[in-house]
Amino acid sequence: MKKTIHTGPIKLPRLPDPKLWVSKAPFGLGRIKPHHIKDTLKVAWDNRDSLPYAYRILTQGVCDGCALGVSGLYDQTLEGPHVCTTRLNVLRLNTMPAIKPAMLHADIDELRKLDSAQLRKLGRLPYPLIRSKGERSFRRISWDEALGRIAAKARAIDPKQMAFYLTARGITNESYYVAGKAARLIGTNNIDNASRICHSPSKTAMKRSLGVGASTCNYKDWIGTDILVFWGSVAANNQPVSTKYMYAAKRKGTRIIVINPYREPAMEGYWIPSIPESALFGTKLADDFYQVNIGGDIAFMHGVMKSWFEMEEEQPGAAIDHAFVNAHTNGYEELQSHIRNQDWELLERSSGLTRSRMWEFALLLAEAKSGVFVWSMGLTQHRFGTDNISQVANLALLRGFLGREHCGLMPIRGHSGVQGSGEMGADPFSLPGGEFNGDDIKRVEKLWAFKLPEWQGDIVGVSLENAMLPERHERKLKLFYTSGGNFVETMPDPQFVRRCLEAVDMRVHQDIVLNTSTLLDAEEEVIVLPAMTRYEQPGGGTSTSTERMVYYSPEIEGPRIEEARAEWQIYAELAARIRPERAEAMVFRDAHAVRREIAMAAPAYDGVQKLGKQGDVFQWGGAWLCEGGYCKTADGRGQLLPIALPELRIPEGHFYATTRRGKQFNSMIYGEKDAFNAAGRYDVLMNGEDLTRLAISEGEAIVVYNRSGSFHGRAKRADIAAGNIELYWPEGNSLFAKGVYEPLAGIPEYNASVIVERADTYHAFKDTRYMEKRIAELETEPPS
């Protein structure tokens, strides 16, 4: 079947539309909103020592912020320039000079007084460093000594006792690919990446429902679709350029629906700086919010489908696209029976929404001829994340919203480097172009000309926990090698993670800056390796956007850090040192040679070898995956799956907690105040009725606690579903239990049942019996 090709960017309307204005007051005066002009001037000031280089990065490089895929100032969706504060905030990481030696080699306790934001501002890592146990400061070593020490340690331990991790920090496909190959050549399958921690349920669910593991559509499909649904995704905050696409969609008559516990101000109205009309008066984005309970999405979707089947009883064809279902799906009768057996009262209680609201949303979808469903970590980071996404796939399949224009499923990515990570094989379940299974193992072994380890690798959370295993255990983590990443600020139960990191014999931090994890002790030594940014990488590099666009980002002329190396080159040399008898397999003359091998190893990436100059791009898979409704499953049909309703036992008066992002990029925080609601980093977003019931005033000190930990903050009144609270991430991570992973995809759980009390009450009654009695009521986990 011939694949439709993406047709390129389209024009925005020229004339304004006052019906979409948020306010007639220019620039949103008097409102809580981002101050784009002020923020842009601040970025210019911060980069004042390298403005020409900064300008070249912005105009020639592929964005190293979110995964929308802006190359230079342009993308494949809309004509005209695009730039956002997320990209501008990350810019300084690429232009700042090296850390001054006096600070770099200061007493470790002096460095530990700084938080990660302050550590970033010190500058770039200039050369390899080492700090052995008991030493008070880092000392400089050569690359030869650094790699030699790492290689010696790796040869001295079982390969199951080492693990690799790659963050999303602007890492290119070339680096992911070489890292994955290096790990397997060394003999370990313990390799993981940031993408899997965020979106592994998306890939797992879409594979089992549709046979594909990436977005089935494009951003262009937002523009003109009948209904655009954001599920647990705050794209306006996390992917700001997407607001231009939403603006264009609104101008075409698209209805935008947000399903989220919190009525996100960023999705209600936004001042888009690159559209004059919107920059002046703002743009109304969301047409409606469905404020579902945290963890209540499956119940809500059950209610939607139950409404559809009731509509079908009245009028066949009123809600289900029977022609599509009959031609392209399996499991309709089983799903129908499962949904009809659901109890409305239970669905209302679990979802937090009334039957009439679920019916209302069901009718919207039933009347729509096209629809695009977009989601992010609000759906994935649950212990039932895979089931959440399969439910979304059920909705799309029943309505035939797949494989055609203005239709599709999109797990929107938050970082420009993550989409390609699994596709390059940099996780324990993947190989380049396939899965870690028999057929793909044989295919890759033939290309690489060496035997792959056959045992199943661990996800990074388990690898870190393995540091606490007995000394002689074959999987006790003794060498942990991480490209970027700051686990004490990103994983649940930070104090436990700290102990795990310090229990490792040797930790290697390959990075461009210091962070708080880098400063922790290790049993033997910590080695720090200075990496290049994507803009410094000789021969350029590629990254893959959310919509499967593979962009070439050229090497950009500018200042260079003293001894920083391209990440793929570091991995190649390290693997050759550890396994010199296989060194030939890791010889790449240049970045172009890596891309040539990627094209052979990952068939969908055939074309990446042709990318070599600014502006080069291609889209793997065509405009739409599953085009015409034909899925990549064994029989070519989508699988409709009956999904069990998760058990969420929350005692009366207690709350379910989750996290949100503020003025930050991943864990990199750029401001103490949320630009959309003026909340501080230690504010807890709570429903007004809940505050009244607990006799808590806005701004009052409160304690949020459970068996995992406690959080001291202040109450902030917000339009959030009753019985739910939101805290900022990573500050609230102490409330989330360690070792709780989604069983099918291995994603950590970032939701928890909690108690909220006034601080004076908490401290007045803080004794063992009181705490144990209160926490005992939080037995919410279903039987395993």
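What are the helix and strand percentages over residues 124–576, and how far apart are the end C-alpha atoms?

1. Residues 124–576 are 41% helix and 16% strand, with 27 Å between the end C-alpha atoms. Helices (H or I, at least four residues) and strands (E, at least two) are DSSP runs, numbered from the N terminus. UniProt, in an unreviewed entry, annotates this range as "domain: Molybdopterin oxidoreductase"; UniProt positions follow the numbering used here, feature names are shortened, and annotations may be inferred rather than shown by experiment.

2. The model is predicted: local features need pLDDT of at least 70, side-chain atom pairs count only at pLDDT 80 or more, and totals for chains, interfaces and linings use all residues. Residues are numbered from 1 along each chain as its sequence is written, and side-chain values use heavy atoms, with hydrogens and water left out.

3. Strand E18 (residues 541–544) is covered on both faces, with Gly541 and Ser543 buried on one side and Thr542 and Thr544 buried on the other. Buried means under 20% relative accessible area, exposed over 50%, and partly exposed in between (1.4 Å probe, protein chains only). E18 pairs antiparallel with strand E19 (residues 549–553) over 4 bridges; two strands pair if DSSP finds at least two bridges between them. Thr542 has Tyr552 of E19 as its bridge partner. The E18 and E19 hairpin has 4 residues between the strands, and Arg548 in it takes a positive phi near 70°.

4. The unreviewed UniProt entry places "domain: Molybdopterin dinucleotide-binding" at residues 657–752. That stretch is 6% helix and 32% strand, and its end C-alpha atoms are 5 Å apart.

5. A barrel is closed by 6 strands in the order E22-E28-E25-E27-E26-E29, with mixed pairing. From one strand to the next the twist averages 45° (axes are lines fitted to C-alpha atoms, for helices over the stretch in contact, and angles run from 0 to 180 degrees between N-to-C directions).

6. In strand E26 (residues 701–705), 4 of the 5 residues are buried. E26 pairs antiparallel with E27 over 5 bridges, with Ala701 bridged to Arg714, and a hairpin of 4 residues joins the two strands. E26 also runs antiparallel to strand E29 (residues 752–758), with 4 bridges between them; Val704 stands opposite Val756.

7. Leu41 lies in helix H1 (residues 36–46). Leu41 counts as exposed because its relative accessibility is 58%.
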